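Work through the exercises below with the structure in view. Try each task before reading its solution.

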Amino acid sequence: MTRLTTLMTRGAAFLGSDVAIMAGAMSWISERNLVSAMSNAGGFGVIAGGAMPPELLDKEIEATKAMTARSFGVNLITMHPQLLDLIAVCAKHKVSHVVLAGGLPPAGAIEAIKAFGAKVICFAPALALAKKLIRSGVDAIVIEGMEAGGHIGPVSTSVLVQEILPEIKDQVPVFVAGGIGRGEMMASYVEQGAAGVQIGTRLVCATECIAHPAFKKAFLRGNARDAIASVQIDPRLPVIPVRALKNAGTEEFTRKQVEVAAMLDRGEVDMAAAQLEIEHFWAGALRRAVIDGDVENGSVMAGQIVGMVKTEEPVADILAALVAEAEAALA
Ligand SMILES: Cc1cc2nc3c(=O)[nH]c(=O)nc-3n(C[C@H](O)[C@H](O)[C@H](O)COP(=O)(O)O)c2cc1C
């Protein structure tokens, strides 16, 4: 056993993988191909179920099972109106791990998952919430810093790790996400007591990833400073920040907020309609970029490590590089 595999023993046993590296769910991206490639390579793939109706999730789990005999998880978003139906689909397929993203799970969700024997993994954006989730029975915690791609919180990974990890690492396995581009960083987190890590951006240019060639090209060209968090312009119109490569769409979003705020000032729309306008702006934008390849107007969600994504390569090679870097650092 190498030092890394020793440090990852607990996380790998929890996930049922060879190395405790999770492929964080990415909507439209984390489907059967990337998920099975990750699990087959010894990591842990996670299907992004957040944007799926139950029938689609059902098909996706079945197709993934046909492509890998290794364990994988399903990511669900807590505010999905059909959350309990999606959990029932996971139960039907005896999914081993369910990851709940997007805030505190509603009553009954954790119990419904545990009832069919699956492990529940939740995101904890602060120490108090991590403790609350553990009391509610979650089996593992992901702490994700604002360096990550996609929807983000306000705090960096380095601060969250210091604040949360020492307090809870002896109670449940903790996986660290956000800003992991090289194995040295992965090694550092597991040395500090993390059970493992979760990566996203680093996997987008995997050969097996179905993202449109234009989406991958934007990643290969992107630098850390291009992956910016969306900004809220008006305190009346809440915006959950999203980290994405800046493009015409991100500029248009700023313009849209100013326009809607002005309509609100003039009394042309009420508050609910104004907030809905803002919320709807990004609906479908990730799909537009990932699937249709419109990287100018769509949302090219990417983490700050995007500048370290240099080439399109198989998932197994990406994992091998991360592991080799981590092992060299630990040695
Ligand atoms: C394009 C993209 C889409 C994402 N979509 C989701 C999602 O649907 N659900 C989710 O929980 N996290 C989502 N994430 C976050 C990832 O699961 C992962 O936690 C994150 O990418 C880790 O940080 P990193 O990008 O610095 O590696 C997304 C990230 C990216 C880059």
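**Exercise 1.** Which residues is Ala-302 in contact with, leaving aside its neighbours within four places in sequence?

Solution. The model is predicted. Start at Ala-302 and skip the neighbours within four places in sequence. The contacts that remain are Gly-149, Thr-201, Phe-219, Gly-222, Ala-227, Arg-243, Ala-244 and Leu-245.

**Exercise 2.** Find the order of the strands in the open sheet of three strands.

Solution. The order is β7-β11-β10, and the pairing is antiparallel. Now find the edges. They are β7 (150-151) and β10 (227-229), each pairing on one side only. Then look at β10 and β11 (residues 242-245): three bridges join these antiparallel strands. Within β11, Ala-244 stands opposite Ile-228.

**Exercise 3.** Describe how domain 1 and domain 2 are placed and how they touch.

Solution. Take the bounds from the domain assignment: domain 1 covers 3-209 + 310-330, and domain 2 covers 223-301. Their centres, taken over C-alpha atoms, are 27 Å apart. Nine residues from domain 1 and 11 residues from domain 2 make the contact. Finally, sort the domain 1 side that touches domain 2: five residues are nonpolar, four are polar and none is charged.

Methods. Residues are numbered from 1 along each chain as its sequence is written. This is a predicted model: local features need pLDDT of at least 70, side-chain atom pairs count only at pLDDT 80 or more; totals for chains, interfaces and linings use all residues. Domain bounds come from an automatic or database domain assignment. Two residues are in contact if their C-beta atoms, placed from the backbone, lie within 7 Å. Ala, Val, Leu, Ile, Met, Phe, Trp, Tyr, Cys and Pro count as nonpolar, Asp, Glu, Lys and Arg as charged, and the others, Gly among them, as polar. Two strands pair if DSSP finds at least two bridges between them. Helices (H or I, at least four residues) and strands (E, at least two) are DSSP runs, numbered from the N terminus.
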